[in-house]
Amino acid sequence: MLDRIFVTFSVCFLVLLAVVVVFGDFIQPHDPLLQNFAVRDQGPSSTYWLGTDDFGRDVFSRILEGSRLSMTVGLVSPLIAAIIGITMGTSAAYFGGWPERIVTRLTDMMMSFDPLLLGVLVVALLGPGILNLSIAISFALIPSFIRLSRASALAVRQEAYVDAAIAMGRPSYSTIVRHVLPNISGPLVVMTTLWIGTAIRLEATLSFIGLGAQPPAPSWGNIVRYGVQNIFGSPLPALFAGLAITLTVLSFNILGDALRDRLDPDRTVR
Amino acid sequence: MSEPILTIRDLKVAFGPEKVSMEALRGVDITVRRGECLGVVGESGSGKSLTALAAMRLLPSAARITGGSVLFKDQDMTSLSRKGLEQLRGNEMSMIFQEPMTALNPVMRVGDQIAAPLRKHKGLSAKAARARTIEQLDSVGIPDPHRRIDNFPHEMSGGMRQRVMIAMALACEPKLLIADEPTTALDVTIQAQILDLLRAKQKEMDLAIIIITHDFGVVAEIADRVNVMYGGRVVEEAGVGALFDHTLHPYSIGLLNATPTIEMEQQRRLPAIGGAVPHISEMPSGCAFHPRCPERRPTCDRLVPNLETVALDQRVACWARSTADEQVA
């Protein structure tokens, strides 16, 4: 029962977040970039719901604006990683031979790095910025997609219906798309959802250490970063941006767990 | 006699890398003629399924063809390109499998699975393929095909799924159907129905069938000719009548004796062939059956016997049945 409530809250929160991301321009009460030194470091008020930062910018508007960047990176990076990783993983499992060995070894190599470290490495190579950040996060998530899709596809590859499809003259790519992918989609959907949470966290972390979104553009990560630098002026920006990150990641994780329970065929329906 | 449709000559298949490879098929000769049903019999591990997979070029990646040829009409399957194979499979030759439970994709409607080869090979539109699929389901005896076409496999019984498999395999009117133990996973009454269906299709479409089984009942029911396999070779080849009335190879005799019959005494133990099928890594020298053979001779562990014609429709590979003198051999 408690599970249900959590899931409901998470879904509601994520829907709300989607509205904020899409219609942000109409919802933000103030211009998130407008500086006003007359109202520096203020607490919450009817004008500034979550107070202002040390440039006198509205924290609420900045968090809403920051959600766009964080969510874009958080959604796009895992999706790119999923497309590349699943393509490589299923093809490797299906065709086997030396391409599979190369892909598996590369994956093992990449898995030995922490995603954060890989992200830092890529940004260090390409330079900071939103596009490079997305590339870095995608790159960091690809190996786990390869690994999961390859393992699942290997199991499905053994199924008689795959042989039957080949025996009916179906070409390889079509066998993968119509017979292999639909049968491994469950765990992959769950993993994508869980990695969205991780991607948001990674974006925040990399922005926090200055490798992500560059000021003045707000993202949750750099709101926390500059908020912490000015924590004695006003703790509110760092606090609320941190809260936004926490709630979003938590919601995606709860959603992922719920999906896993739903899609797991071994679990009896309650 | 009609012309051969599939000729397997001296087919060799090995597992593992070149240097340590183990031969699982050691020179298989099988011929199937247009419109005839050939039974391939043998214990597990005799190489009968592997022969079928090799003929369709569906071998697992660990196995490879190391010699011989598989001629379908006049095309050599062993050297055909992937494109060529895709053109042939499901169109001119197709295959049904042992487990109707797993041979259909669980997340795809059965109609779509039957329509797929029709659309690929016959270039039918989605609509035409659907109409053809309904006819096809009807022709394999599935009641209410208009409704059943949109079923998922789990909504059907085992017998029905095997009918769907047959409908799919025969959708493009192939000339050859390879059936790998098509009735093993089904209960006896359904077995008989599926065999009846296969036989009806054979007559109706002038279809050649290779039926792989370890059940002599199935062979007696449906086959015109029989190949008995042991240790990766064909040891006896005979018309179905000759095989039952005039069994020659000691292995075939052993297999037939080990088949339970309805007339046998209840308390009597079923005779068995002593020993077990040799693993491919320790294949005996000479005739592979000699360690288990009750009629073993001195030659048997030294030389491999070849198939010799002993009667009009019977060939056997056994030194104890050889007309050639042992000294000559």
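This is a predicted model: local features need pLDDT of at least 70, side-chain atom pairs count only at pLDDT 80 or more; totals for chains, interfaces and linings use all residues.
Let us turn to residues 6-27 of chain A, where the chain is 100% helix and 0% strand, with 26 Å between the end C-alpha atoms. Helix H1 of chain A runs over residues 2-27, and Phe26(A) lies in that helix. Is Phe26(A) buried or exposed? Phe26(A) counts as exposed, because its relative accessibility is 73%. Phe26(A) also belongs to a nonpolar surface patch of about 660 Å², together with Val11(A), Val15(A), Val19(A), Val22(A), Phe23(A) and Ile27(A).

Still in chain A, helix H9 covers residues 236-263, and there we find Leu259(A), which counts as partly exposed because its relative accessibility is 26%. Which residues does Leu259(A) touch, if we leave out those up to four places away in sequence? The answer is Val189(A), Val190(A) and Thr193(A). Val190(A) is 69 residues away from Leu259(A) along the chain, and yet the C-alpha atoms of these two are separated by 6.0 Å.

Now to chain B, where the unreviewed UniProt entry gives the annotation "domain: ABC transporter" for residues 8-256. Over those residues the chain is 39% helix and 26% strand, and the end C-alpha atoms are 26 Å apart. Within helix H4 of chain B, residues 126-139, sits Gln136(B), and this residue counts as buried because its relative accessibility is 5%. Setting aside residues up to four places away in sequence, Gln136(B) touches Ile114(B), Ala167(B), Leu170(B) and Ala171(B).

Finally, a word on cysteines. A disulfide is a covalent bond between the sulfur atoms of two cysteines. How many disulfides are there over all chains? The count comes to zero. Take Cys293(B) as a case: the closest cysteine sulfur to its own is in Cys318(B), at 5.8 Å, which is too far for a bond, because the two sulfur atoms would have to be within 2.5 Å. Cys293(B) counts as buried, at 11% relative accessibility, whereas Cys12(A), with a relative accessible area of 49%, is partly exposed.

Notes. Residues are numbered from 1 along each chain as its sequence is written. Chains are lettered from A and ligands numbered from 1 in the order in which they are written. Side-chain values use heavy atoms; hydrogens and water are left out. Patches are made of residues with over 30% relative accessible area and no salt bridge: like charges are joined within 9 Å, nonpolar side chains (Val, Leu, Ile, Met, Phe, Trp, Tyr) within 5 Å. Accessible areas come from the Shrake-Rupley method with a 1.4 Å probe; for residues, only the protein chains shown count as cover. A salt bridge is a side-chain nitrogen of Lys or Arg within 4 Å of a carboxyl oxygen of Asp or Glu. Helices (H or I, at least four residues) and strands (E, at least two) are DSSP runs, numbered from the N terminus. Buried means under 20% relative accessible area, exposed over 50%, partly exposed in between (1.4 Å probe, protein chains only). Contact means heavy atoms within 4.5 Å. UniProt positions are given in the numbering used here, feature names are shortened, and annotations may be inferred rather than shown by experiment.
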